[in-house]
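Please open the model in your viewer and keep the selection panel at hand. The stops below are meant to be taken in order.

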Amino acid sequence: MQITALAGGVGGARFLRGLLAHLRSSGDPARREAQVTVISNTADDITLHGLRISPDLDSVMYTLGGGIDEDRGWGRSSETSGVADELAAYGAQPSWFTLGDKDIATHLVRTRLLGEGATLSEATARLCERWRPGVRLLPMTDDRVETHVDLAEADGSTRRVHFQEWWVRLHAAVPALRIEPVGAATARPAPGVLEALREADVVVLPPSNPVVSIGTILQVPGIREALVRTSAPVVGVSPVIAGAPVRGMADACLAAIGVPTTAAAVAGLYDDFLDGWLVAEEDEPPVRSGLEVRRRPLLMSSPAATADLAGAALDLALELDRKDPAA
Ligand code: GDP
Ligand code: CA
């Protein structure tokens, strides 16, 4: 069985760890031996202090490879801040993005490889040689895409900042007028991405941010079309529980695109290709012919609960049939 997942950072990574736990402990040989390909959002990427940083790729790689800081959900475990302290002593800006010492080694390796002419796919494969995440981890594109956000200034003008500045420095507390993955329109899917969607037996959308994680992946030309056309059932897990994002500020992202923070409205963003959707008991299920909805506990509160959630997503997918995708 070939499973392909689209993923952002922390939410995607946690779900994927549950999916792998579910698969590897399954009594069903098809599940136990299933291969997972992850198409990662790269629109959060940013260059800081000359280093190329890919937060979502790294969250998946560290989480699945056993190197994640469990409490924060991102960054390396047992991290130290010697470099950051020295940068602060120089007054080097920006200072709002945390770069731990161990994490910096990852960015050094990536930046050097890219500087030598490697693609992001190649650099990611090289980093994964160490972490062995147990999935094939693909960036959505090897082209540079960066999400920028337009903010309204008090004097009525508009200021454009990198997504990370809005998210990390401003905590998305300043309303976004517009969120744009710059470069996405001309980006090409990375090698293997379209094939992974076309040849999948199941496609899964973890509960990643629907705007700045899944939404940006979908803006790379060809990816959305591949989801519409694949013969694999596409199932997703709502990132909204009881009308609120569980962690993070996804509601601020949804507001920026004029979409209410409900499980049904998020499903609506995937209307043209979504076959199955898991919603929490507290939420109103979306109603659309052809969309199968199941109510499940969606909180990834423990590894076991997350494995059960991933198993429920797979169960739903395998119940669904998409024999006639053109219809
Ligand atoms: P990021 O790139 O690090 O922001 O991570 P993702 O985009 O992959 O995931 C962020 C989303 O995960 C948020 O919008 C949350 O609503 C969602 N999320 C986080 N924890 C949970 C959980 O326990 N259950 C569900 N259903 N969603 C969650
Ligand atoms: Ca992210």
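What follows is a tour that goes from the domains to the ligand and then to a few local features.

This is a predicted model, in which local features need pLDDT of at least 70 and side-chain atom pairs count only at pLDDT 80 or more, while totals for chains, interfaces and linings use all residues. Residues are numbered from 1 along each chain as its sequence is written, chains are lettered from A and ligands numbered from 1 in the order in which they are written, and side-chain values use heavy atoms, with hydrogens and water left out.

**The two domains**

Begin by colouring domain 1 (2-75 + 107-143 + 186-321) and domain 2 (146-184) separately; the bounds come from an automatic or database domain assignment. Their contact takes 22 residues from domain 1 and 15 residues from domain 2, where contact means heavy atoms within 4.5 Å. The C-alpha centres of the two domains lie 23 Å apart. Between them the domains bury about 1400 Å², with 63% of it on carbon and sulfur atoms; buried area here is the accessible area (1.4 Å probe) that two parts lose on being put together, summed over both.

**Across the interface**

Select Arg 52 and Glu 146 next, whose side chains meet in a salt bridge (2.8 Å, N to O). A salt bridge requires a side-chain nitrogen of Lys or Arg within 4 Å of a carboxyl oxygen of Asp or Glu, and the rule finds 1 salt bridge across this interface.

Which helix supplies the largest share of the side of domain 1 that touches domain 2? Helix 11 does, with 4 residues; helices (H or I, at least four residues) and strands (E, at least two) are DSSP runs, numbered from the N terminus.

**Around ligand 1**

Now centre on ligand 1 and show the 20 residues around it, among which Ser 208, Ser 213, Pro 239, Arg 247 and Met 300 come nearest, a residue being near if one of its heavy atoms lies within 4 Å. An oxygen atom of the ligand is 2.6 Å from an N or O atom in the side chain of Ser 213.

**Local features**

Move to Arg 17 and Glu 70, which form a salt bridge with the closest N and O atoms 2.8 Å apart. Arg 17 lies in helix 1 (residues 10-24) and Glu 70 in the loop between helix 3 (55-65) and helix 4 (82-90), so the pair ties together parts that are 53 residues apart in sequence.

Finish at Pro 94, in the loop between helix 4 and helix 5 (101-115), where the peptide bond from Gln 93 to Pro 94 is cis, with omega near 0°.

Technical notes: A polar contact is a pair of N or O atoms within 3.5 Å; within protein, one must be able to donate a hydrogen and the other to accept it, and residues adjacent in sequence count only if both atoms are side-chain atoms.
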